[in-house]
Amino acid sequence: MSAEHTHFTAPTQFVEAKGIRFAYRRFGRAGGVPIVFNQHFQGTLDHWDPAVTDGLAKTREVILFDNAGVASSSGETPSSFQEMGANAIAFIEALGLDKVDVLGFSIGGMVAQEIVLQGGDLVRKLILVGAGPRGADMSASQSAAIFAASYDPPEHLWLKVHFSPSEASQAAGLAFLERKLRRQDRDPLVGEQTVNAQIAAIGKYIAYREVEGYLDYLRTIRQPTLIIQGSNDVIIPTYNSYVMQQNLPDAQLVLFPDANHGSFYQYPRSFVAYATAFLDA
């Protein structure tokens, strides 16, 4: 069924695992290794960019999902990325999949790393966008102030989160907001429980910085990894992507110019080209 659908026409489906009813959408070219997307802070099925998802769906199957407690999925959102990773694995296995590629954006990149660490041979390749390692250096992050501010309309929050202040980047941001607007079968926004749990998980992740050898786990991730980052990420500072690339055994880093946290939304065609080449290699 998935090959008949696109980002906007794929229906929201549900599958149960661990007592959780996971909401997901599935589309693209079936038959190979599908790619499972893990979403950013406060993100839902409707926060992905169709230029990215449909771009990748031309050559592979794309699976978007709400993790436990998020938007249309039932249950409670746990307060650690390890638990979120375990729930994501349960979701993947409930779909009957034994091999996937995994993409994680922002905190979804933290979850994606935990999927790899816990999933053994489940994950073939890993793509991390605007992410960081355990113990991420967030000292230069402006995220608290950005998310605490008011925006009119509220959607313009994402112009500040994902795009740089330059005229060209902000124009790309407005185009992104228009592109991603799904007009039917919409996913609800996340609730307060999810927001608080995700904030708690971020705090626990940063706290790893106090543990000796906190980056050692990266050297156990043997899967080929593509790291995508903006030149000045103000949410998870760009430096963290360099740290991951230097410590992962098989990682390459692509840095987009004049770009912030959502660099792949500013350069969707280039991102799809890089990601497709990486996944096909």
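**Salt bridges**

I started with Asp137, which forms a salt bridge with Arg209. The closest N and O atoms are 3.9 Å apart. I noted the cut-off, since a salt bridge needs the nitrogen within 4 Å of a carboxyl oxygen. The model is predicted, so I treat every distance here as a computed value.

I then placed the two residues. Asp137 sits in the loop between strand E6 (123-129) and helix H4 (143-148). Arg209 sits in the loop between helix H7 (192-207) and strand E7 (225-230). The pair links distant parts of the chain, 72 residues apart. Arg209 is partly exposed, with a relative accessible area of 34%.

How many salt bridges does the structure hold? I counted 11. I looked up two others.

The side chains of Arg179 and Asp49 meet at 2.5 Å, N to O. Is Asp49 buried or exposed? Asp49 has 0% relative accessibility, so I logged it as buried. Arg179, at 26%, counts as partly exposed.

Next I took Asp280 and Arg60, whose side chains form a salt bridge at 2.8 Å, N to O. Asp280 lies in helix H10 (residues 268-280), and Arg60 lies in the loop between H1 and strand E4 (61-65). Asp280 is exposed at 53% relative accessible area. Arg60 is buried at 5%.

**Strands E1, E2 and E4**

I moved to strand E2 (residues 20-28). It is mostly covered, with 8 of its 9 residues buried. Which strands did I find joined to E2? Strand E1 (residues 13-17) pairs with E2 in the antiparallel sense over 5 bridges. E4 runs antiparallel to E2, and 5 bridges join the two.

I checked individual partners. Val15 stands opposite Phe22 in E2. For Gly28, the bridge partner in E4 is Glu61.

I also looked at the hairpin of E1 and E2. It has 2 residues between the strands. Lys18 takes a positive phi there, near 55°.

I searched the whole structure for cavities of 30 Å³ or more and found 1. What is the volume of the largest cavity? I have it at about 160 Å³.

I then read off the lining, which has 15 residues. Gln39, Asn67, Val70, Val111 and Gln198 lie nearest the cavity centre. By class, the lining has 6 nonpolar, 8 polar and 1 charged residues. Which element gives the largest share of the lining? Helix H3 (residues 107-119) does, with 3 residues.

That sent me to H3 itself. The helix is mostly covered, with 11 of its 13 residues buried. Val111 is among the buried residues of H3, and so are Ile107, Met110, Ile115 and Val116. The charged Glu114 is also on the buried list. Gly108, Gly109 and Gly119 are buried in H3 as well.

I checked the length of H3. Its 13 residues should span 18 Å at 1.5 Å a residue. The end C-alpha atoms are 18 Å apart, so the two values agree.

Ser106 has a positive phi near 60°. It lies in the loop between strand E5 (100-105) and H3. Is Ser106 buried or exposed? Its relative accessible area is 5%, so I logged Ser106 as buried.

Asp185 has a positive phi near 50°. I found Asp185 in the loop between H6 and H7. Asp185 is partly exposed, with a relative accessible area of 40%.

Where is the cis peptide bond I noted? It joins Asp152 and Pro153, with omega about 0°. Pro153 lies in the loop between H4 and helix H5 (157-162).

Notes: Residues are numbered from 1 along each chain as its sequence is written. This is a predicted model: local features need pLDDT of at least 70, side-chain atom pairs count only at pLDDT 80 or more; totals for chains, interfaces and linings use all residues. Side-chain values use heavy atoms; hydrogens and water are left out. Buried means under 20% relative accessible area, exposed over 50%, partly exposed in between (1.4 Å probe, protein chains only). Helices (H or I, at least four residues) and strands (E, at least two) are DSSP runs, numbered from the N terminus. Two strands pair if DSSP finds at least two bridges between them. On a 1 Å grid over the protein atoms alone, a cavity is a set of points where a 1.4 Å probe fits but cannot get out, and a pocket is an open set with protein on both sides within 12 Å along at least five of seven lines; lining residues have an atom within 4 Å of a point. Grid points are joined across faces, edges and corners, and a volume is the space filled by probe spheres set on the points. The expected span of a helix is 1.5 Å times one less than its number of residues.
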